[in-house]
Amino acid sequence: GLMISLLYDRICHQRFHVSAAFSAKAKVAMSRFEPGSSINYEKMHENINIVRKRLNRPLTLSEKIVYGHLDDPVGQEIDRGRTYLRLRPDRVAMQDATAQMAMLQFISSGLPKVAVPSTIHCDHLIEAQIGGAQDLQRAKEVNQEVYNFLASAGAKYGVGFWKPGSGIIHQIILENYAYPGVMLIGTDSHTPNGGGLGSICIGVGGADAVDVMAGIPWELKCPKVIGVRLTGTLSGWTSPKDVILKVAGILTVKGGTGAIVEYHGPGVDSISCTGMATICNMGAEIGATTSVFPYNHRMRTYLEKTGRAEIASVADQFQDDLVPDPGCEYDQIIEINLSELKPHINGPFTPDLAHPVSEIGAVAKKSGWPLEVKVGLIGSCTNSSYEDMGRAASLAKQALDKGLKCKAQFTVTPGSEQIRATIERDGYAKILSDVGGIVLANACGPCIGQWDRKDVKKGEKNTIVTSFNRNFTARNDANPATHAFVTSPEIVTALALAGTLNFNPETDYLTAPNGEKFKLEPPTGDELPSRDFDPGQDTYQHPPAESSSIKVDVNPSSNRLQLLEPFDKWHGGDLTNMKVLIKVKGKCTTDHISAAGPWLKFRGHLDNISNNLLIGAVNIENDGVNKVKNQLTGEYGGVPDVARHYKVTHLWLPDGSMSQYLAIISSFSIRESIFFPTETNLKKQGLLPLTFADPHDYNKIRPDDSISITGLKSFAPGKPLTAVITHINGSQESISLNHTFNETQIEWFKAGSALNRMKELQ
């Protein structure tokens with residue numbers, strides 16, 4: 001095998017000095033000066049062979065990578081969709097909003113250093129307002145306390161720190177840390193972006209990240225595998241984004257739950273590496289655990305262009321482990337012919353409402369959606385590659401040549417400092433600015449609600465089109481009347497030029513200022529820069545070798561950071577006479593449970609972020625938002641306000657406040673289905689995520705009921721619990737509730753949290 005050690009010659013960029021030595025093991029050491037940053041391809045190969053012999057069948061690619069990271073490949077029970085796997089991920093990545101709570105939890109664990117290479121990425125707290133430079137400077141001032149905390153905590157505990165302005169976490173991972181066969185977990189739902197480079201990258205809660213950083217095996221319910229077989233070739237106006245827009249329309253926002261989506265087939269080779277990342281990124285919108293593509297020459301080229309040619313050469317030697325076995329079986333198969341696929345646009349208000357671009361104008365007219373496009377926004381973690389920007393610029397150049405600028409407002413969000421510097425050097429940024437675009441900071445910005453929008457008033461009905469991944473109500477601009485559509489950067493650019501949804505760039509004409517009618521030629525753009533990437537400014541801080549003198553201070557009076565107090569242990573009995581806080585109507589996503597936007601500044605303060613609990617969810621009782629009845633007083637109030645009143649009166653166990661920003665509604669949460677990171681994170685906080693054994697029982701619970709959960713003294717894997725529902729008239733009925741707890745997770749519940757249990761075992 002080949003032993004390759006890779007060290008960056010500039011701390012902030014992916015330029016390597018390479019030293020190679022032959023050894024019996026093929027180990028690639030990925031080093032940003034963090035401890036133990038490596039993957040052993042030979043070890044993964046051994047694990048795969050052990051599991052293949054045990055299962056006696058061909059394996060899918062995702063199975064190879066996942067099972068290749070098993071803690072105990074010999075003894076681990078493996079049953080897709082049923083058993084829990086104990087895994088050893090290679091690294092952890094955290095964005096600055098979620099990193100606050102994750103680092104606070106790690107600090108409270110008492111451990112001196114992280115056990116696996118980990119990084120923090122400052123991308124979520126930069127609000128888009130004026131333009132990149134000004135917005136970045138303002139963010140540094142407003143968030144100084146948080147950035148100082150994260151930088152010092154990273155230095156103290158051995159975590160790499162990417163400063164504000166460095167770029168969006170997922171683009172940084174693709175450029176630096178993802179590679180074929182690596183298993184990475186990230187505290188952001190769009191971590192699967194790395195699947196475009198043949199990685200298994202999974203979005204998790206902060207408590208999962210703490211587990212991995214603490215060096216204990218990480219649990220994942222053995223995923224089912226959905227295969228998407230691609231044939232044909234992408235061409236013309238059709239882009240990689242259209243693949244996932246089509247898949248989202250097929251599977252809906254719940255169709256991928258509990259599964260890894262694995263793309264394969266001859267059509268894969270017609271998609272660029274960053275295009276594959278786009279597809280995997282938005283796979284989060286169908287609830288998938290993650291998505292992945294097989295290793296191919298497009299990935300090899302990307303690795304070479306980002307300074308990792310040596311990794312590609314070793315991956316070539318283990319290529320059989322980085323593609324699916326012939327004859328492997330999928331739990332579901334979807335067939336897509338790329339040659340027949342048309343440009344799509346999805347929305348409004350949900351990313352799975354798919355329309356061909358050619359039909360969206362007619363559908364909008366019929367549905368009463370505003371036809372005028374107020375703003376077009378390109379970039380984000382989903383679509384901010386060099387290729388994306390180049391293809392958008394090719395359209396902008398055609399318009400400029402005819403003297404035409406965008407009719408809509410137009411914003412451009414580079415995915416990383418490297419992308420920003422390179423598109424500036426190569427002229428793309430100037431073209432996009434000349435056509436009317438505003439280049440924003442290298443950060444999430446409007447995609448996650450960090451957008452100080454001024455052109456419409458709240459409540460004003462309007463349409464925006466984006467190349468982002470999500471478009472749930474009020475996500476981008478906090479305006480519930482904004483009709484947001486997601487599509488490719490190319491289609492966003494075309495619609496921004498036309499200023500209307502009622503425009504099909506494949507057939508329709510634009511009008512130049514001189515009256516000339518012209519049609520846009522299909523977009524073109526280089527997959528990667530011919531002159532290599534310009535790394536831009538130094539934005540990376542590596543942890544020092546010696547950190548004992550570094551102090552991480554949290555001001556007790558801070559309203560943004562709050563040291564954690566352990567949750568109470570289970571009191572040993574059933575949970576009785578608990579009031580229903582809210583019965584939610586319709587979809588209840590993380591955006592409804594705890595929207596981002598201005599609330600991001602409280603992500604390191606558990607008490608303050610609790611004021612965002614379910615304020616976007618629709619109450620089935622009155623169709624109101626953030627308006628629930630306090631069953632003790634009879635008055636209506638906001639969800640957090642009523643929850644706090646219940647907590648004070650001891651109706652809430654154990655804590656009543658929101659943790660890790662997901663569906664922690666009370667001491668238990670009953671839902672029809674639960675997205676994987678949400679379910680696992682609830683368990684790690686010592687709470688009970690439960691589902692209805694009979695979905696129709698949902699209708700038996702009324703908003704003014706009281707509920708008791710019984711059977712906890714005999715709480716055991718596979719044994720349902722019982723909910724006793726007491727109606728306001730005193731009548732009662734019982735229903736059965738399912739759970740997916742295993743024995744280890746039940747210990748978390750009894751201890752009050754996984755972190756409490758970790759301390760018990762130290």
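Contact here means heavy atoms within 4.5 Å of each other. These close-ups come from a predicted model, in which local features need pLDDT of at least 70, side-chain atom pairs count only at pLDDT 80 or more, and totals for chains, interfaces and linings use all residues. Residues are numbered from 1 along each chain as its sequence is written, and side-chain values use heavy atoms, with hydrogens and water left out.

View 1. Gln95 sits in strand S6 (residues 91-95); strands (E, at least two residues) and helices (H or I, at least four) are DSSP runs, numbered from the N terminus. With 2% relative accessibility, Gln95 counts as buried (under 20% relative accessible area; exposed is over 50% and partly exposed lies in between, with a 1.4 Å probe and protein chains only). Skip the neighbours within four places in sequence, and Gln95 is in contact with His121, Asp123, His124, Ile169, Thr187 and Asp188. Asp534 is another matter: 439 residues away from Gln95 in sequence, and 24 Å away in space, C-alpha to C-alpha.

**View 2. H3 meets H5.** Helix H3 (residues 96-109) packs on helix H5 (residues 144-157) at an angle of about 50°, their axes 10 Å apart. That makes H3 oblique to H5. For reference, angles under 35 degrees count as roughly parallel, over 145 as roughly antiparallel, 65 to 115 as roughly perpendicular, and the rest as oblique. Axes are lines fitted to C-alpha atoms, for helices over the stretch in contact, and angles run from 0 to 180 degrees between N-to-C directions. On the H3 side, look for Asp96, Ala99, Gln100, Met103, Leu104, Phe106 and Ile107; they meet Val146, Tyr147, Phe149, Leu150, Ala153 and Tyr157 in H5.

View 3. Four strands line up as S14-S13-S12-S15 in an open sheet, and the pairing is parallel; two strands pair if DSSP finds at least two bridges between them. S14 (290-292) and S15 (332-337) are the edge strands, each pairing on one side only. From one strand to the next, the twist averages 20°. Within the sheet, S12 (residues 224-231) and S13 (residues 259-264) share 6 bridges, and Val228 stands opposite Tyr263 in S13. Helix H8 (residues 240-251) packs on the sheet and touches S12, S13 and S15, with its direction at about 140° to that of S15.

**View 4. S35 and its antiparallel partners.** Strand S34 (residues 721-726) runs antiparallel to S35, joined by 6 bridges, with Thr722 opposite Ser736. The two form a hairpin with 5 residues between them, and Gly730 in the turn has a positive phi of about 95°. S35 (residues 732-738) also pairs with strand S32 (residues 688-692), antiparallel over 2 bridges; there, Thr691 has Asn738 as its bridge partner.
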